[in-house]
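I opened this notebook page to record what I looked up in one protein model. The entries follow in the order in which I made them.

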Amino acid sequence: MQKQLVATLIAGLFATSAFAQSTATAPETKAEAKQAAEAAKADAKVEKAKAEAQADVAEAKADAAKDKAKAAKKASKDKAEAKADAAEKKADQAEQKADAAASSTAAQTK
C-alpha cells in the first residue's frame, strides 16, 4: 500500500510538471508564432519594395532608351537635312556658274 501511495504521488508530480510545461509553452508558442508572422510580413514588405524598385529601374531604362532613340532619329534627320541643304547650295552655285559662263560667251559672240 505504501508503494502504491508513493507511486501515485510520483505519478501526480510528473503529471503536474507535464501540465505546467504545456501551459507555459503554449503562450510562448503563440508569441513565437506572432513574431514569426510579423517577421514574414516584414520580409514580404521588403520583397515588395525591392520588386517595385526593380520595376522603377526597368521603366527608367526603357524611358532612357526611348529618349536615346528619339535623339538619334532627330540627329539623323538633321544630318540628312544638312546634306540636302548642302547639295541644294552646290546646285545653286553650279547653276550660277553656268549662267555666268553662258552670259560671258553670249557677250563675246556679239
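Entry 1, a pair of side chains. I found Lys74 and Asp78 both in helix α1, four residues apart, about one turn of the helix. I took helices as DSSP runs of H or I with at least four residues, and strands as runs of E with at least two, numbered from the N terminus. The side chains of Lys74 and Asp78 meet in a salt bridge at 3.7 Å, N to O. A salt bridge here is a side-chain nitrogen of Lys or Arg within 4 Å of a carboxyl oxygen of Asp or Glu. Side chains of opposite charge can pair when their charged atoms come close. I noted that the structure holds one salt bridge.

I am working from a predicted model, in which local features need pLDDT of at least 70 and side-chain atom pairs count only at pLDDT 80 or more, while totals for chains, interfaces and linings use all residues. Residues are numbered from 1 along each chain as its sequence is written, and side-chain values use heavy atoms, with hydrogens and water left out.

I recorded Lys74 as exposed, at 54% relative accessible area, and Asp78 as partly exposed, at 37%. Buried means under 20%, exposed over 50%, and partly exposed in between (1.4 Å probe, protein chains only). Of the 110 residues of the protein, 0% count as buried. I also noted one helix and zero strands.

I listed a negative surface patch formed by Glu81, Asp85, Glu88, Asp92, Glu95 and Asp99. Patch residues have over 30% relative accessible area and no salt bridge; like charges are joined within 9 Å, and nonpolar side chains (Val, Leu, Ile, Met, Phe, Trp, Tyr) within 5 Å. Asp85 lies in helix α1, residues 2-109, and is exposed at 51%. Val6, Ile10 and Phe14 make a nonpolar patch of about 300 Å².

Key. Areas by Shrake-Rupley, 256 points an atom, 1.4 Å probe, with all protein chains shown as cover. Lys, Arg positive; Asp, Glu negative; His and termini not counted. Charge placed at Lys NZ, Arg CZ, Asp CG, Glu CD.
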